[in-house]
Amino acid sequence: MNANAPDDQILTQAGLPPARVGRILLIACGALAREILALRDANGWTHLDLHCLPAILHNHPERIPEAVRAAVTQHAPDYDQVHVVYADCGTGGRLQELCNDLGVGMVAGPHCYAFFEGVEAFARRAEEEFTAFYLTDFLVRQFDAFVWKPLGLDRHPDLRDVYFGHYEKLVYQAQTDDPALTEKARDCAARLGLAFERRVTGYGDLATALRTWAAR
């Protein structure tokens, strides 16, 4: 694990402020911070600054567009370009409309599961994989905060089959090759009573989007 990686609890509840050293700002979901920083550092994109909104906004997706609007309004004057590193993420198209109105770029796709796997590939699989429950690296690490506790399963484990009875497997979309994280994902599947599948996705379309923006 990278000792300099941002703390997941902070990313979940508070997000990450921009360093204000680059000329391009990425306004992103806190759940993507480690992946974005890994891509930035590996490619030497030192002109990219990162500002993360709290990842827990995903539990209330109707709040995401206004949070993004506030961040763009606050920080855009300090940068040459601003891009939004969210997919639609349950906003029903409102986030895309907002980005269009503000003139800022956005990652294509319905959610991060799709762009990690590749939006087109995910769409093809989705026609047959509608009984799968997905987790990314971040969501494996923060499984209790995003799944177990919000659904009340820590207090009422008997509700598990009510929520997950129609699922058949948990698909762990692995951005990194981390045996300890894989075992944690396997445990998440067992806790939900689901079969387990690990699918190595790497950074998928996220890498493509950042590479395009970094080159401008």
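Q: How many helices and strands are there in the protein?
A: This is a predicted model. The protein has 11 helices and seven strands. Its radius of gyration is 17 Å, close to the 17 Å that the globule rule gives for 216 residues, so the protein is as compact as a globular protein of that length. Along the principal axes, the C-alpha atoms fill a box of roughly 50 × 35 × 35 Å.

Q: What share of the 216 residues is buried?
A: A residue is called buried when its relative accessible area is under 20%. In the protein, 49% of the 216 residues are buried. The exposed surface comes to about 10,400 Å², and carbon and sulfur atoms supply 51% of that area.

Q: Among contacts with a separation of 6 or more, what percentage joins residues 24 or more positions apart?
A: Contacts can be sorted by how many positions lie between the partners. Here, residues 24 or more positions apart account for 71% of the contacts with a separation of 6 or more.

Q: Which residues of helix 11 are buried?
A: Helix 11 covers residues 204-214, and its buried residues are Leu-206, Ala-207, Ala-209, Leu-210, Trp-213 and Ala-214. They cover an arc of only 165 degrees around the axis, which puts them on the same side of helix 11.

Q: Which elements do the buried residues of helix 11 pack against?
A: Their partners include strand 1 (24-29), strand 2 (48-53), strand 3 (81-85) and strand 4 (105-106). Helix 2 (33-43) and helix 5 (112-117) are also among them.

Q: Is Ala-19 buried or exposed?
A: The cut-off for exposed is over 50% relative accessible area. Ala-19 has 57%, so Ala-19 is exposed. The residue is found in the loop between helix 1 (8-13) and strand 1. Leaving out residues up to four places away in sequence, Ala-19 touches Asp-49 and Leu-50.

Q: Where does Glu-66 lie, and how does its accessibility count?
A: Glu-66 also lies in helix 3. With 43% relative accessibility, Glu-66 counts as partly exposed. Glu-66 and His-166 are 100 residues apart in sequence, and 33 Å apart in space from C-alpha to C-alpha.

Q: What is the phi of Cys-89?
A: Most residues other than glycine have a negative phi. Phi of Cys-89 is near 55 degrees, a positive value in a residue other than glycine. Cys-89 lies in the loop between strand 3 and helix 4 (94-102). Its relative accessible area is 11%, so Cys-89 is buried.

Notes: Residues are numbered from 1 along each chain as its sequence is written. This is a predicted model: local features need pLDDT of at least 70, side-chain atom pairs count only at pLDDT 80 or more; totals for chains, interfaces and linings use all residues. Side-chain values use heavy atoms; hydrogens and water are left out. Helices (H or I, at least four residues) and strands (E, at least two) are DSSP runs, numbered from the N terminus. The radius of gyration is taken over C-alpha atoms; the globule rule is 2.2 Å times the number of residues to the power 0.38. Buried means under 20% relative accessible area, exposed over 50%, partly exposed in between (1.4 Å probe, protein chains only). Contact means heavy atoms within 4.5 Å. Accessible areas come from the Shrake-Rupley method with a 1.4 Å probe; for residues, only the protein chains shown count as cover. The arc is that of the directions from the helix axis to the C-beta atoms.
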